[in-house]
Amino acid sequence: MTSPDDLKFQEFDEAADLLSSNPGASTLSISSPAAAAYSEEVKVDLLDDEDNQQESSELLGGEKQTGGFWTFEYYQSFFNIDTWQVLDRIKGSVMPLPGRNFIKHHIRNNPDLYGPFWICVTLVFSVAISGNLSTFLSEMGNTDYHYRPEFHRVSIAAVTVFLYTWLVPLGVWGFLTWRQSVERQISGYTFLETVCVYGYSLFIYIPTSILWTIPFNWVQWLLMVVAMVISGSVLVMTFWPAVRDDTKLTAFATMAVIVSLHALLAVGCKLYFFKVPMHTGTSQSGQQISPASNHTSLTSAKPQ
């Protein structure tokens, strides 16, 4: 059995010794105003520590603190992507699957400019170099042909590819933004997401431009159609969900314009950089004979 004295408050010996050694020391009561102020200071310090821990956890979690568009850090965030993400997006652009939106399944609210920039640069040089090589292979049997590298094709290819990659997405993004303000149910994409889709959709033309060096016109057209269907499917499956809630006329007209501009780029590159020369017949002496001169010579050769 416990005695009543055991239930009484027992002071610690150390506290009693301290009070006996320093009788003038002030004690702090829980109900005193000084104690309340001290507890508030402790709470403020704890809150500051929690805020600091939260900020550090956000930084460790990968949230990027970017400044304004005039700062270098703002544009640096667009190139913050690893190799595996770029390869996954390239794989999604060359193997489009029905029902898989490129932005939702591959970009995932993290668009980049690293992949589209290097894809466009590589496409410019592959088209220009392969076009010169294709012309050389096509004229290999022609004794009157003297090969001269056409370096101006690099400039023409650069202007064409980069204008297409920036101006067309700008127009598509502006139109979707305008329709989103008119029709609230339309879900648009950001400008950077639109540029990212167009940039990755051009990757299929890099191996296609290399295969265009095959000096057969029907093979080149077949490869162009295959590449155009693959890259065009990426654009259609990406932008169709953004316009299908609009009116039928607007939705189909928008997709027709997107596909037409994409086909115009492919056909223009094929006809300008990989045109097959048309050879005319030659006589035994090596002089060129046109059909009109051939007919005249045959007429003059008849006996009078």
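**Helix packing, pocket and cavity**

In H8, Thr 194, Val 197, Tyr 198 and Ser 201 meet Ser 231, Val 234, Leu 235, Thr 238 and Phe 239 of H10, where contact means heavy atoms within 4.5 Å. By class, this contact of H8 with H10 has five nonpolar, four polar and no charged residues; Ala, Val, Leu, Ile, Met, Phe, Trp, Tyr, Cys and Pro count as nonpolar, Asp, Glu, Lys and Arg as charged, and the others, Gly among them, as polar. This is a predicted model, in which local features need pLDDT of at least 70 and side-chain atom pairs count only at pLDDT 80 or more, while totals for chains, interfaces and linings use all residues. Residues are numbered from 1 along each chain as its sequence is written, and side-chain values use heavy atoms, with hydrogens and water left out.

**H8 with H10**

- Helix H8 covers residues 191–201 and helix H10 residues 217–243, and they pack at an angle of about 160° with their axes 9 Å apart. That makes H8 roughly antiparallel to H10 (angles under 35 degrees count as roughly parallel, over 145 as roughly antiparallel, 65 to 115 as roughly perpendicular and the rest as oblique).
- Axes here are lines fitted to C-alpha atoms, for helices over the stretch in contact, and angles run from 0 to 180 degrees between N-to-C directions.
- Helices (H or I, at least four residues) are DSSP runs, numbered from the N terminus.
- The crossing of H8 and H10 is right-handed (the near helix is turned clockwise from the far one by less than a right angle).

**H4 with H8**

- The axes of H4 and H8 come within 9 Å and cross at roughly 70°. That makes H4 roughly perpendicular to H8.
- From H4, Val 86, Arg 89, Ile 90 and Ser 93 meet Cys 196, Tyr 200 and Ser 201 in H8. The residues of this contact divide into four nonpolar, two polar and one charged.

**H7 with H11**

- Helix H7 (residues 152–182) and H11 have axes that come within 12 Å and cross at roughly 180°. H7 and H11 are therefore roughly antiparallel to each other.
- Residues of H7 in this contact include His 152, Tyr 164 and Arg 179, and those of H11 include Thr 250, His 262 and Phe 273. The contact of H7 with H11 divides into eleven nonpolar, five polar and two charged residues.

**The largest pocket**

- About 190 Å³ of space lies in the largest pocket. On a 1 Å grid over the protein atoms alone, a pocket is an open set with protein on both sides within 12 Å along at least five of seven lines, a cavity is a set of points where a 1.4 Å probe fits but cannot get out, and lining residues have an atom within 4 Å of a point.
- Grid points are joined across faces, edges and corners, and a volume is the space filled by probe spheres set on the points.
- The lining of this pocket has 14 residues, of which Gly 92, Met 95, Leu 97, Arg 100 and His 106 lie nearest its centre. Helix H4 (83–94), helix H5 (102–107) and H10 are the elements giving two or more residues to the lining, and H10 gives the largest share, four residues.
- Six nonpolar, five polar and three charged residues make up the lining of the largest pocket.

**The cavity**

- The count comes to one cavity of 30 Å³ or more, and about 70 Å³ of space lies in the largest cavity.
- Leu 123, Val 127, Val 161, Tyr 205, Trp 212, Leu 265, Ala 266 and Cys 269 line the largest cavity. By class, that makes eight nonpolar, no polar and no charged residues.
- Helix H6 (114–138) and helix H11 (248–273) each supply at least two residues of this lining, with the largest share, three residues, coming from H11.
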